[in-house]
Amino acid sequence: YYTHYKLENDRYVEDTISALDAVKTSKKEELKAKRNELANASKEFTTNLLNTFPVDLNINNRSTMHQAYDNHVNASLSTSLTTNWKMADNNYYEITYDEILELGQLMGVYINDLFQHESSKLTEIEACVNDTTCINNITW
């Protein structure tokens, strides 16, 4: 058993956990960090118009893209109109509002896939009954 401190009600309190639980917790944090790294990186997506864009996946950019599309549609403008959009490589690309929507959908699918992958790894961790070596061998 290991003694560690956890935050409870703005105070650190002593807590005791088993070695197995400590390894499981550490591996889960490692997987979460990897998911967050991938979910906030850059990734290229290709739209139905066969244009490829290097997209910044961080939450601010995802939100801005969705907001821009919604504002455009709410103004009753054609979604085939274009705008210049700054992408992850710091270059501006001419992109239609339909493509902005599509990129948002592609990003959403990608982010969901990351969560599903992490979930499958958590299932693998739980299957490692009393075996820290098994847990340590799990990789992203």
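The link between Cys128 and Cys134 is left-handed, with -50° about the S-S bond. This is a predicted model. The two residues form a disulfide, and the sulfur atoms of Cys128 and Cys134 lie 2.0 Å apart. The structure holds one disulfide. Such a link is a covalent bond between the sulfur atoms of two cysteines.

How exposed are the two cysteines, and how does Asn61 compare? The table gives their relative accessibility.

| Residue | Relative accessibility | Class |
|---|---|---|
| Cys128 | 3% | buried |
| Cys134 | 28% | partly exposed |
| Asn61 | 16% | buried |

Asn61 counts as buried because its 16% relative accessibility is under the 20% cut-off. Asn61 is found in helix H2. Leaving aside residues up to four places away in sequence, Asn61 touches Val55, Asp56 and Trp85.

**The nonpolar cores**

The largest nonpolar core has 18 residues. Which of them touch the most other members? They are Val55, Met65, Met87 and Leu103. Strand S4 (52–56), helix H2 (59–74) and helix H3 (97–127) each supply at least two residues of this core. H3 gives the most, with seven residues.

Take Met65. Not counting residues up to four places away in sequence, Met65 touches Val55, Trp85, Met87, Ile100, Leu103 and Met107.

How values were computed
Residues numbered from 1 in each chain as written. Predicted model: local features only at pLDDT ≥ 70, side-chain atom pairs only at ≥ 80, totals over all residues. Heavy atoms only, no water. Core = buried A, V, L, I, M, F, W, Y, C linked by side-chain atoms within 4.5 Å. Buried < 20%, exposed > 50% of the residue type's maximum accessible area, 1.4 Å probe, protein only. Helix = DSSP H or I, 4+ residues; strand = E, 2+ residues; numbered from the N terminus. Contact = heavy atoms within 4.5 Å. Disulfide = S-S within 2.5 Å.
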